[in-house]
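Please look over the sequence and the fold first, and then follow the paragraphs below, which move from annotated spans to helices and their packing.

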Amino acid sequence: MFPERRDFRPPAAYDLFWTFLAGGFLGERIEVVYIWSATGEVMSRSSLLYGPFSLVWGLGAALVTWFLWPFRHRGPWVLLVAGGVLGGGFEYVASAVGEAMYHKIFWDYSHMPFHLGGRTNLIFALLWGLGAALWVLRGFPLLARLTERLPPRGGQAALRVLSLVLAADLLLSAAALLRMEEREAGQPAAGPVARAMDRWYPDPVLHSRYRNLMEPH
């Protein structure tokens, strides 16, 4: 059984990392299904070059779990409102950070009502709140029960391997996007890493992977 944290301490780092992995995978799949249902088009929503994984969803799930777990007994409406504010705020910050780092817009809600700078909007904030309430009340306890069944050494080893794979994918994705920005600025490849990025991940490859990538307004 999942142990009740009656002292209201936040989940441990072990729990949060599994939450990050589960949220990143499930969130990316949810977006793919949503876009397919709305447009009939299958589009990757991954933050990384390889694998279906959204950093925004993963970090958002970990953030929501850490902040809202102590309030799980306050009722679903508290979780809904707090999750909406937390999720919407995080989405805004994530959009701003992504644009500052890569000078690209990864999503734009300017065409939707009640948006805030195109970075978040009321509808998705409400969905963040609903998702947060369901996750804290049902999803996270289920995930914790599943991970508790893993052998201690096996669970730790699996996390280490997944951490290394994810870190390598993240570094490679960041390097490819930064090199794309350099190419757009007319900078020639300086060094073997930049030349490898040009050869392996030219602009058509990156635009195919990140179909929603846009220039800032």
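The end C-alpha atoms of residues 48-69 are 28 Å apart, in a span that is 64% helix and 0% strand, where helices (H or I, at least four residues) and strands (E, at least two) are DSSP runs numbered from the N terminus. This is a predicted model, in which local features need pLDDT of at least 70 and side-chain atom pairs count only at pLDDT 80 or more, while totals for chains, interfaces and linings use all residues. Residues are numbered from 1 along each chain as its sequence is written, and side-chain values use heavy atoms, with hydrogens and water left out.

For residues 157-178 the end C-alpha atoms lie 32 Å apart, and the span is 100% helix and 0% strand. Helix H5 (152-184) has 33 residues and reaches 48 Å from its first C-alpha to its last, close to the 48 Å expected at 1.5 Å a residue, the expected span being 1.5 Å times one less than the number of residues. Just after H5, Gly186 takes a positive phi of about 80 degrees.

Several residues of H5 are buried, including Leu159, Leu166, Asp169 and Arg179; buried means under 20% relative accessible area, exposed over 50%, and partly exposed in between, with a 1.4 Å probe and protein chains only. The buried residues of H5 pack against H1, helix H3 (76-102), helix H6 (192-200) and helix H7 (203-209). Leaving aside neighbours within four places in sequence, Leu166 is in contact with Phe20, Leu21, Leu48 and Phe53, contact meaning heavy atoms within 4.5 Å.
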